[in-house]
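Please have the sequence and the 3D view at hand.

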Amino acid sequence: MKKKIIVVGNGMVGYKFCEKLITKDIAKEFEIIVFGEEIRPAYDRVHLSEYFAGKTVEDLTMAPASWYAENGINLILSDPIVDIDRDAKTVRSHHGIVEGYDYLVMATGSGAFVPPIPGVEKDGVFVYRTIEDLDLMQNHAKKATKGAVIGGGLLGLEAAKALLDLGLKEVHVIEFASRLMPRQIDEAGSRVLQAKLETLGLQIHLNKNTQEIVGEGVIEAMQFADGSRLDVDMLVISAGIKPRDEVARVAGLEVGIRGGIVVDNALQTSDPNIFAIGECALAHHMIYGLVAPGYEMAEVVATKIVGGEKEFMPFDMSTKLKLIGVDVASFGDAFIQEPNAQTIVFENSAKGIYKRINISNDGKYLLGGVLVGDAEQYNMLLQNTKNKTILPADPEDLMLGSRGGSEGGASGVMALPDEALICSCEAVTKGAICHEIVENQVTTLDGIKKCTKAGTGCGGCVPMVKDLINETMKSQGVFVRNILCEHFDYTRQELFDLVKIKGYKTYNDVLDNLGKGDGCEVCKPAVASIIASLWNEMILEKGNATVQDSNDRFLANIQKNGTYSVVPRIPGGEITPEKLIVIGQVALKYNLYTKITGGQRIDLFGAHVSDLPEIWEELVNAGFESGHAYGKSLRTVKSCVGSTWCRFGVQDAVSFAIEVEERYRGLRSPHKLKSAVSGCTRECAEAQSKDFGIIATEKGWNLYVCGNGGVKPRHAELLATDIDSETCLKYIDRFLMFYIKTAEPLTRTAPWLDKMEGGINYLKSVVIDDVLGMGETWDSEMNLLVEAYKCEWKEVVDNPELRKRFTHFVNAPKVKDPNAKFEPMREMVKAAEWK
């Protein structure tokens, strides 16, 4: 007769226990019943904030309900366990289901800790824990403008990101302590993090004790103990977690003074037939609030139940996160101080980077550290700490990188012992990964994920797994090349050179002569980009239309209701009144939403695909041309007004910006390009956050390269100083041609430079000193591209065959998409919200 296991709770850890159990051969001897409180199967709470960024419930789901059925697991949802009869060894659910058990696994997780603040029950006050919570927040945010979050820890900052994603104009973080994330990072790191978050739009309030939530039924303000008040119309409480131990308490199981079901090293409770795992378990006198220790607990209990021996030991709580686009990590003993250790600190307040490592007094071992703003070295630092690796002569190289260029990160990976834990979430060692690579010839990241599950949790170990694959293959005598995909045995750079030498101008020519198979969604747009970068011909001709990225196929960005945006080029942000009138007339005629962008252009949203040629015909006739907002190409050259009007300007920024934009318009590249020209060092055009930026000086121009905004903002680096306009354009020509020729697909200039051996100094020697001897070649190639430029939309407007592409229904070209829905917003329209 099968023994019965009942799992109370179907969160991430409860699901992981089921997964661990069914992978063990003896697991088939058990009947498994899972009771879940929520209406859906377990989902990924670690990446819950991505729900607001477009991920669906299905994307977040750990496994569908069908997975449980296929593995013989009876999953009962929306029916939590409310009573445990330990003598009869039965449980009773909310709906009255009674089941006996041989083993009971408590995986009830935790709930949001809500401080006893008067007014906490008011409308507009939320916790941040479940998908339902997020749905409620999403609905309320439509009528809210100012939001606040109580809690400046991990969960609080995640909630703050959610409010930013929801579009609130103001977001405040309220923290009781004197600094953000006091449990993870030190005071200096917290200070850098706060400054970085403030530049991203958060308003941070420290040492604040919320005394009351004010409002008539709906939140209107927060009153603090110091007498101050903050007007808000939405509040998220994310002040920590509390273990869900209420059923265990009623059953008489031992719980901690501050909550949590007390367990031993085998995760058995005070009743030997009942186990507790995850955030409801109090192990080694602490609640483990990360997913990795929860997964390890699941493995321990699954092993114990099938007769094995395994214990849960104190778990390393090192963690790496990306909070609102800012890397934050801590590892080992992050807070140890002198005289108990030596401390090395690096801080760059301009870039929002703080790094600290703590090493033993004898200089041999790494004890721990903190990383803020740049956590690229986290994985290797953590491995050095865990495995007590002997430190190099210059320990600062561990966090800054070897300045000699002789020691790469991959060699450090190979120096780790086989028992080094690469993936903490799934407890996968270096030895296990290398075994799959060597013995079973698994040489792709997806393959390693499937056979070991490494990298399928938080994903923080993925860079190290990739290094292991490459370095292990090299150690086996396999020459590793970063080929484009399975259809081309060439790197992008090799393919670029071959296409140029052979003169191929269509994807089919390239595939037939240099590739194999039918191609894929990786190589098609990459090859299309190479062809466009080499010849600058109309991308929709010669059969190349169907291999473009989706937006390129219609020369417009598709929006969430199926309509498209229209973005005419406005060089330097300068536009005549006559052209402004035309844009207004077009927007009125086609009922388009208009928006002035950060790139100093006017975007028109809501155009049906069949209207695009007619809209552009009117714009082209008025002198406009494509702004290439849809392409991997130059977008804008932003400018301040410069010396033409501004009393601080020292050069004519607008005229030079127009010259720069008209030179590089339409230039196709591995990723989008942005530029700016500032008329003085006050930097109103924000040139230092662009792929190439130009700042006026008394003597000419300073040229900066390889900056960007986005998810991982980066300041550009200075390439040349006090150069004249002609020299500036020559350096930009060479910089762009070098980038286009050597960067990987979809790699922007900043990460391209980061991976370049020798960094900015090498780039200077290539662009300025011409150490490769390619300068004149690149000059002539750029001139050919500039001369070959044609406005893509003008070509469509003038070509009846190309215009035929722009129909929603081929057999009814004048009929618009009936599913494109709009909603009124202020005096215009917007895309209707998704149901």
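## Basis of the model

This is a predicted model, in which local features need pLDDT of at least 70 and side-chain atom pairs count only at pLDDT 80 or more, while totals for chains, interfaces and linings use all residues. Residues are numbered from 1 along each chain as its sequence is written, and side-chain values use heavy atoms, with hydrogens and water left out.

Helices (H or I, at least four residues) and strands (E, at least two) are DSSP runs numbered from the N terminus. Buried means under 20% relative accessible area, exposed over 50%, and partly exposed in between, with a 1.4 Å probe and protein chains only.

## Nonpolar cores

A nonpolar core is a set of buried Ala, Val, Leu, Ile, Met, Phe, Trp, Tyr and Cys residues joined through side-chain atoms within 4.5 Å. The largest nonpolar core has 80 residues, and Phe 17, Ile 84 and Ile 277 touch the most other members. Helix 8 (residues 291-305) gives the most to this core, with nine residues. Apart from this core lies another, of 61 residues, among them Val 637, Trp 701, Val 767 and Leu 785. In soluble globular proteins, nonpolar side chains tend to be buried together.

Contact means heavy atoms within 4.5 Å. Leaving out residues up to four places away in sequence, Ile 277 touches Val 13, Phe 17, Val 105, Met 106, Ala 107, Leu 267, Met 297, Ala 298 and Val 301.

## Helix 1

Ten of the eleven residues of helix 1 are buried, so this helix is largely enclosed by the rest of the structure. The buried residues include Val 13, Lys 16, Phe 17 and Glu 19. The buried residues of helix 1 pack against strand 1 (3-8), strand 2 (30-35), helix 3 (65-70), strand 3 (73-76), strand 7 (103-106) and helix 8.

## Strand pairs and sheets

Two strands pair if DSSP finds at least two bridges between them. Strand 4 (residues 81-85) and strand 5 (residues 90-93) run antiparallel and are joined by four bridges. Ile 84 stands opposite Val 91 in strand 5. The hairpin of these strands has four residues between them, and Lys 89 there takes a positive phi near 55 degrees.

Another open antiparallel sheet has three strands in the order 29-31-30. Strand 29 (564-566) and strand 30 (593-596) stand at its edges, each with a single partner strand, so one side of each is left without a neighbour in the sheet. Four bridges join strand 30 to strand 31 (residues 602-607), and Ile 596 has Ile 602 in strand 31 as its bridge partner. Helix 19 (residues 577-589) packs on this sheet, touching strand 30 and strand 31, and its direction makes about 15 degrees with that of strand 31. Such angles run from 0 to 180 degrees between N-to-C directions, with axes taken as lines fitted to C-alpha atoms, for helices over the stretch in contact.

## Charged residues

A salt bridge is a side-chain nitrogen of Lys or Arg within 4 Å of a carboxyl oxygen of Asp or Glu. By this rule the count is 47 salt bridges. One of them joins the side chains of Glu 426 and Lys 16, at 2.5 Å from N to O. Glu 426 lies in the loop between strand 27 (421-423) and strand 28 (428-429) and Lys 16 in helix 1 (residues 12-22), so the pair ties together parts that are 410 residues apart in sequence. Both residues, Glu 426 and Lys 16, are buried. Glu 801 and Lys 804 also form a salt bridge, at 3.1 Å from N to O; Glu 801 is exposed at 53% relative accessibility, and Lys 804 is exposed at 55%. Salt bridges that share partners join Lys 16, Glu 19, Lys 20, Lys 24, Glu 299, Glu 426 and Lys 453 into one network.

Which buried residue has no salt bridge? Asp 133 is buried without one, and the nearest side chain of opposite charge, Arg 45, is 6.6 Å away. Here Lys and Arg count as positive and Asp and Glu as negative, while His and the chain ends are not counted. Asp 133 lies in helix 4 (residues 131-141).
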